[in-house]
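Please keep the structure at hand while reading.

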Amino acid sequence: MNPFRLLTEKPWLSTPQTVGGMTVEVSQASLVPPQKVALRVFLGVVGVLFGLFFTAYFIRMGLADWRPMPEPQQLWFNTLLLFLGSITLQWTSHVVRRGETGLVKIGLLLGAIFTFGFVFGQVSVWQQMTAEGYYLSSNPANSFFYVLTGLHALHILGGLWVWTRASVRVMAGAKPEVVRLSVGLCATYWHFLLLVWLAVFALISYT
Amino acid sequence: MTSYVPIADQSHVMHDPHTFITKYVWSQDHKVIAIQYGGTAIFVGLIALVLSAMMRLQLGYPDTFSFIDPANYIQFVTMHGMIMVIYLLTALFLGGFGNYLIPLQLGARDMVFPYLNMLSYWFYLLSVLILLASFFVTGGPTGAGWTLYPPQAILRGTPGTDGPGIILMLVSLLVFIMAFTMGGLNYVTTVLQARTHGMTLMRMPLSVWGIFVATILALFAFPALFVSALMMLLDKLLGTSFFMPALASLGQVSEHTGGSPILFQHLFWFFGHPEVYIVALPAFGLVSDVLSTHARKNIFGYRMMVWAIVAIGGLSFIVWAHHMYVSGMNPYFGFFFAFTTLIIAIPTAIKVYNWVLTLWHGNIRMTVPMLFAMGFIFTFIHGGLTGIFLGNVTVDLPLSDTYFVVAHFHMVMGVSPVMVLFAAIYHWYPKITGKMFNVTLGKIHFWATFLGTYAIYLPMHYLGFLGVPRRYFALGSTDFIPDSAMALNANITQAAIFVGVMQLLFIYNIISSLRNGAPAGGNPWESVSLEWQTPDTPPRHGNWGDKLPVVYRWAYEYGVPGVKDDFVPQNVPPEEVVMEPGAGKYVDRSEGHYS
């Protein structure tokens with residue numbers, strides 16, 4: 001829909017439109033599933049949330065007491081896991097469309113393994129950090145590190161809730177068609193969280 | 001034809017809930033959720049009203065009331081502000097009217113995600129309960145001021161920091177934001193996707209436009225409050241130093257290192273200024289519909305009204321630092337924000353002119369909702385003009401933190417939106433309940449509120465010019481504050497108590513009319529928008545009976561020459577419009593028909 005045409009429409013004039021030979025009143029409401037639209041808006045909200053944290057990070061970085069923090073090598077491995085999770089879910093949303101139940105089950109399972117692997121990996125990074133004496137309040141860079149990774153992990157766990165509902169239905173024998181939408185939404189969400197993670201990772205390395 | 005609007009016509013919402021619990025408590029019906037939101041918001045609003053009466057008692061009659069000490073006073077100020085702005089105005093406009101009107105005015109059966117909608121209300125209620133709990137904990141609620149500026153907000157010595165007061169405040173805000181995000185996703189998606197046949201975006205009533213754009217603002221502005229509340233919570237609970245600078249407090253060096261209180265101010269106002277428009281834009285929309293209906297005239301410049309709403313929404317994100325002129329920012333920075341602030345006056349003025357021009361040559365019916373809507377035009381112009389004073393850096397500096405500021409923001413975002421809320425409640429009450437309210441009580445309520453609020457806030461401008469500072473518990477004896485200002489303060493208090501008591505008339509009216517009101521009929525105001533064309537009043541679950549309405553025109557077809565009833569509802573096909581004898585055939589208004 002062209003926004004310029006939309007905003008210059010003259011609503012006091014009746015403009016019935018011809019669709020398939022019939023004159024009907026159309027609403028211009030798109031037939032994209034509402035869940036998809038809501039997810040896009042939600043990703044916008046989450047994007048703003050992390051964006052504001054990034055802004056705060058940069059401003060805080062410029063202050064006198066900022067000290068760089070170590071970058072645990074394990075984060076690279078975790079990134080790989082999340083990347084694989086994202087790829088797997090994309091592949092799953094592809095096989096769901098082809099209706100291959102067996103592959104869908106494998107895809108959902110693998111996706112979950114990679115994602116849980118990522119979350120546990122993050123927790124183990126936290127443990128390493130605290131073991132080395134870098135606590136939440138030790139220095140501002142650490143504070144941001146814990147808050148950003150924690151919030152990011154919480155968002156991933158939220159996504160896993162949708163994943164669980166879809167998986168339960170597939171395991172209970174539902175046709176792949178039923179979970180097509182949820183799997184597609186999961187894939188989009190995972191890609192988005194991968195991007196957010198890459199941004200967070202870049203930021204942490206930039207100290 | 002049904003195939004074009006499957007999302008508006010969700011069949012799964014058609015199963016009527018039967019038990020009391022599913023119908024009125026765990027309801028997924030947007031109308032019940034709207035009333036739950038509205039009832040809760042008005043309830044906390046009344047608490048905030050009582051708090052303001054306590055503040056006024058202290059200011060008008062210092063050293064008289066032993067139950068108000070300086071700590072209580074600042075707690076009342078804080079909770080009054082926070083409750084009114086967030087838990088009353090935001091919740092009532094978006095949760096209340098947004099929920100009620102979006103599906104009905106767009107011709108949908110319900111919101112697209114009814115379950116999420118229900119969850120949104122219960123999270124909101126939870127946030128309200130957490131907030132109210134802070135009145136009953138050790139040390140009482142926070143006294144940090146509604147802006148919660150660090151470092152004082154979480155340092156010892158500020159009320160609410162010895163006990164959990166400030167923590168409950170921050171947690172309540174976090175829960176509120178989650179509640180709003182659930183609701184907001186619903187409102188946006190419903191507007192984009194659940195419109196009935198013929199309901200194009202540019203045929204939507206301005207109420208929906210205002211709520212829609214305000215929801216988008218809120219979705220993208222509340223994260224800033226979320227971020228700042230979360231980081232402040234960590235500063236308080238776990239000793240991080242996001243906002244807390246290295247300092248010594250009450251003789252002790254704190255554990256904090258070198259955070260930035262100014263960073264909090266930027267984040268807070270990046271939320272806080274859009275918040276003004278989150279409240280104002282729905283009010284602009286609702287008042288447009290009320291004015292047009294009761295003036296029997298189409299809204300003047302519909303498209304301009306939509307553009308102005310969108311423009312104001314966009315601009316509201318780049319003016320935040322005009323709240324921070326005295327924070328020590330670079331003057332050039334302040335100049336930029338003064339510039340953007342004054343630019344907002346342009347779309348806002350367009351809206352005001354269009355409201356006035358809607359009234360011009362109208363066939364005005366002086367109903368209760370119309371009185372409140374016209375009262376809004378007065379109070380809003382008034383508050384807007386003082387905004388031009390405060391938007392300029394050099395004028396703001398001497399006026400900052402005086403009663404001039406208090407008068408300004410109460411006129412522009414206290415009294416004005418509340419005027420619209422009353423207009424809207426009186427306007428839609430017959431549809432929501434099926435009963436007509438008591439008109440005489442309504443008119444008394446209007447004149448008492450309208451004149452009474454002027455009696456409160458007009459003198460405050462003068463106090464501000466004198467330099468009387470805001471937030472002070474007592475003024476003591478100072479040279480620059482004459483005795484006459486003290487007398488004025490007592491008068492303001494009398495007016496405030498009067499206005500507060502007169503609100504009981506409103507509460508009495510809406511409750512007693514439920515039982516005693518005359519049946520209102522389906523369309524008592526002879527309105528054209530869809531919510532007045534439902535088969536049942538109040539609308540039943542699913543709103544539209546068997547078939548969704550079909551929309552043929554915009555929502556402002558009033559006073560059409562030659563048409564018998566002087567209005568043509570949105571869902572009446574052109575060939576069924578009844579004309580005066582000899583008036584010829586009904587035609588849509590095109591530009592050629594305006595003389």
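Contact means that heavy atoms lie within 4.5 Å. With that in mind, and bearing in mind that this is a predicted model, B:Leu148 is in contact, leaving aside its neighbours within four places in sequence, with B:Met82, B:Thr142, B:Ala153, B:Ile166, B:Met169, B:Leu170, B:Leu173, B:Met232 and B:Phe264.

**Helix packing**

Two packed helices are described by the angle between their axes and the distance between the axes.

| Helix pair | Angle between axes | Distance between axes |
|---|---|---|
| α5(B) and α6(B) | about 155° | 8 Å |
| α4(A) and α5(A) | about 160° | 10 Å |
| α4(B) and α5(B) | roughly 165° | within 8 Å |

In chain B, helix α5 covers residues 165–193 and helix α6 covers residues 206–238. Because angles over 145 degrees count as roughly antiparallel, α5(B) is roughly antiparallel to α6(B). The crossing of α5(B) and α6(B) is left-handed, and the residues of their contact comprise 28 nonpolar, three polar and one charged.

The pair α4(B) and α5(B), whose axes cross at roughly 165°, is likewise described as roughly antiparallel, and α4(B) passes α5(B) in a left-handed crossing.

In chain A, helix α4 (residues 101–131) packs against α5(A) at an angle of about 160°, which makes α4(A) roughly antiparallel to α5(A). The crossing of α4(A) and α5(A) is left-handed, and the contact between α4(A) and α5(A) has 17 nonpolar, eight polar and one charged residues.

Which residues does B:Ser120 touch, not counting residues up to four places away in sequence? B:Ser120, which lies in helix α4 (residues 114–133) of chain B, touches B:Tyr37, B:Ala179, B:Met182 and B:Gly183. Since buried means under 20% relative accessible area, B:Ser120 counts as buried, with a relative accessible area of 0%.

A:Asn142 is found in helix α5 (residues 140–171) of chain A, and A:Asn142 is buried, with a relative accessible area of 0%. Not counting residues up to four places away in sequence, A:Asn142 touches A:Met69, A:Met129, A:Tyr134, A:Tyr135 and A:Leu136.

**Backbone geometry in chain B**

Most residues other than glycine have a negative phi, and most peptide bonds are trans. Against that background, several places in chain B deserve a careful look.

The peptide bond from B:Pro150 to B:Pro151 is cis, with omega near 5°, and B:Pro151 is placed in the loop between α4 and α5 of chain B. Another cis peptide bond joins B:Thr537 and B:Pro538, with omega about -10°; B:Pro538 is found in the segment after α14 (483–516) of chain B.

Positive phi values occur at B:Arg296, where phi is near 50°, and at B:Asn543, where phi is near 65°; neither residue is a glycine. B:Arg296 lies in the loop between α7 (261–295) and α8 (302–315) of chain B. Is B:Arg296 buried or exposed? At 4% relative accessibility, B:Arg296 counts as buried. B:Asn543 is found in the segment after α14 of chain B, and B:Asn543 also counts as buried, at 2% relative accessibility.

Notes
Residues numbered from 1 in each chain as written. Chains lettered and ligands numbered in written order. Predicted model: local features only at pLDDT ≥ 70, side-chain atom pairs only at ≥ 80, totals over all residues. Heavy atoms only, no water. Axes fitted to C-alpha atoms, helices over the stretch in contact; angles between N-to-C directions. Helix = DSSP H or I, 4+ residues; strand = E, 2+ residues; numbered from the N terminus. Parallel < 35°, antiparallel > 145°, perpendicular 65-115°, else oblique. Left-handed = near helix turned anticlockwise from the far one by under 90°. Nonpolar A, V, L, I, M, F, W, Y, C, P; charged D, E, K, R; others polar. Buried < 20%, exposed > 50% of the residue type's maximum accessible area, 1.4 Å probe, protein only.
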